[in-house]
Amino acid sequence: MRRDMTMSEWTTWLLMPLLVVEAVLGVLVGYLVLLTVAALLARRHTVLSAEPRHRFAILVPAHNEERLLPDLLESLAALDYPKTLYDVHVVADNCTDRTAAIARRAGVHVYERFDTERVGKGHALNWLLAQIKSPYDAIVIFDADTVVSPRFLRVMDARLAQGEKVIQGYYAVRDPARSWSVALRYAALAVLHYLRPLGRSVLGGTTGLKGNGMCLRADIAQRFAWSGSLTEDIEYHMELVLAGERVTFAPDARLEAEMPGTLRGAQTQNVRWERGRLQMVRAYVPRLLRMAFRRRRFAPFDAAMEQLIPPTAVLTALIGACTLAGVALGLLGAGWAGAWAGLALLAGEAIYLIIGLLLARAPARVWLALLYAPVFVVWKVVLYLRVLAGRERQGWIRTER
């Protein structure tokens, strides 16, 4: 006769898949902790060249940015770099405001592009590069909502002199005290744009491109075109890695961009990021892993891992759910292995976040904003689930600010 399973046996069977899920999460959190430890060993200052020598073309794709563009142009005019060695090129892309007029008044090179079929930053950059005829040693790309530290080009000049080909600056959040949601974005980018690249610079990984504050040697810019995908920077990086190139990190080349002041304002930007990232996982992660194992190279493996790790809020939610499940199973008599594993994962993620904020020298307002983290986690998880379910399908839309 068939014997019905007891409650203890049921809970034991449920514990097994929970431990499998926690083991997978453990690989992801373990990788983040590895990057954290490596970041503590990283060199965070660039030795500048005595005499700057590289000539830069600064590219600014701008779509209806009349409010924020003046701040960027003012910071570019104040760069601590010989004025004869850099030019600013602004493309007013499908603009219906005074973006082009404001750029002309600032005395920079201005181009107006009108193309309602090839919409997006990647198409605008390709078009702009085709218009520029003067020879340059490297190009630098800034979003129009950005302000740049005075030493940015000095740092890039020194890095190029050391033989680096593609360099990502530290892309931070402007004015994190503006609202709690902006402060939480600062925290998220402190680990994503600062701690992780620092760790990768020690381990020999590839920093990745963040879409803003990127420096490319001229021959790289000529070899690789930008795509029209939702996350053109990630796709560009994937193609670089598959071609054997590596992106390095310049933590002292700092730039700050304005973020939406509310979660609602950040909706379209986050949907674009998450949809684009999922597309990149499907298109590139298998190829990167094959390359990593066949050629025994760390950089493609590192690039694949970066895409496989979910957003911090989603990872936190998954670990929290597993921990609660482990506690529930423990109370039902299945043992406490699931609960202890969940707590260990939470501890690892806490170490990662705290050290990231310390290394980035996060202001007090950012630490206080962590009190709102549960609200942000719920919002992010709901958005992520909607993207996974195909409920969010809009293409490139300008972010509200």
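Mentor: Keep in mind that this is a predicted model. Start with aspartate 71, which is partly exposed at a relative accessible area of 27%.

Trainee: Which residue does aspartate 71 meet in a salt bridge?

Mentor: Arginine 174, with 3.1 Å from N to O. Aspartate 71 sits in helix α2 (residues 69–77) and arginine 174 in the loop between β6 and α6, so the bridge ties together parts 103 residues apart in sequence.

Trainee: And arginine 174, is that buried or partly exposed?

Mentor: Partly exposed, at 21% relative accessibility.

Trainee: Which residues are linked in a network of salt bridges?

Mentor: Asp93, Arg113, Asp115 and Arg118. Within that group, the side chains of aspartate 115 and arginine 118 meet at 2.9 Å, N to O.

Trainee: Where does glutamate 245 lie, and what is its partner?

Mentor: Glutamate 245 is in the loop between α8 (232–242) and β8 (247–257), and its partner, arginine 223, is in helix α7 (residues 218–223). They are 22 residues apart, and the pair links distant parts of the chain. The N to O distance in this salt bridge is 3.3 Å. Glutamate 245 is buried at 10% relative accessibility, while arginine 223 is partly exposed at 49%.

Trainee: Switching topic. How many aromatic pairs does the structure hold?

Mentor: There are 12. One of them joins tyrosine 170 and tyrosine 194: the ring centres are 4.6 Å apart and the planes are at 50°, so this pair is tilted.

Trainee: Why does that pair tie together separate parts of the chain?

Mentor: Because tyrosine 170 lies in strand β6 (residues 166–173) and tyrosine 194 in helix α6 (residues 180–203), parts that are 24 residues apart in sequence. Tyrosine 170 is buried, with a relative accessible area of 2%, and tyrosine 194 is buried with 7%.

Trainee: Tryptophan 180 and tyrosine 372, then: stacked or tilted?

Mentor: Stacked, with 4.8 Å centre to centre and 15° between the planes. Tryptophan 180 lies in helix α6 and tyrosine 372 in the loop between α13 (364–369) and α14 (373–388), so the pair ties together parts 192 residues apart in sequence. Tryptophan 180 is partly exposed at 23% relative accessible area, and tyrosine 372 is partly exposed at 38%.

Trainee: Which residues do ring pairs link into a cluster?

Mentor: Tyr31, Phe293, Phe298 and Phe301.

Trainee: Last one, the surface. Which residues make the nonpolar patch?

Mentor: Leu34, Leu40, Leu41, Val202 and Leu203, covering about 440 Å². The elements that give two or more residues to the patch are α1 (7–40) and α6.

Trainee: Where is valine 202 in that?

Mentor: Valine 202 is in helix α6. Its relative accessible area is 39%, so valine 202 counts as partly exposed.

Methods:
Residues numbered from 1 in each chain as written. Predicted model: local features only at pLDDT ≥ 70, side-chain atom pairs only at ≥ 80, totals over all residues. Heavy atoms only, no water. Phe/Tyr/Trp six-rings, centres within 6.5 Å; stacked < 30°, edge-to-face > 60°. Helix = DSSP H or I, 4+ residues; strand = E, 2+ residues; numbered from the N terminus. Buried < 20%, exposed > 50% of the residue type's maximum accessible area, 1.4 Å probe, protein only. Salt bridge = Lys/Arg side-chain N within 4 Å of Asp/Glu carboxyl O. Patch = residues over 30% accessible without salt bridge, like charges linked within 9 Å, V, L, I, M, F, W, Y side chains within 5 Å. Areas by Shrake-Rupley, 256 points an atom, 1.4 Å probe, with all protein chains shown as cover.
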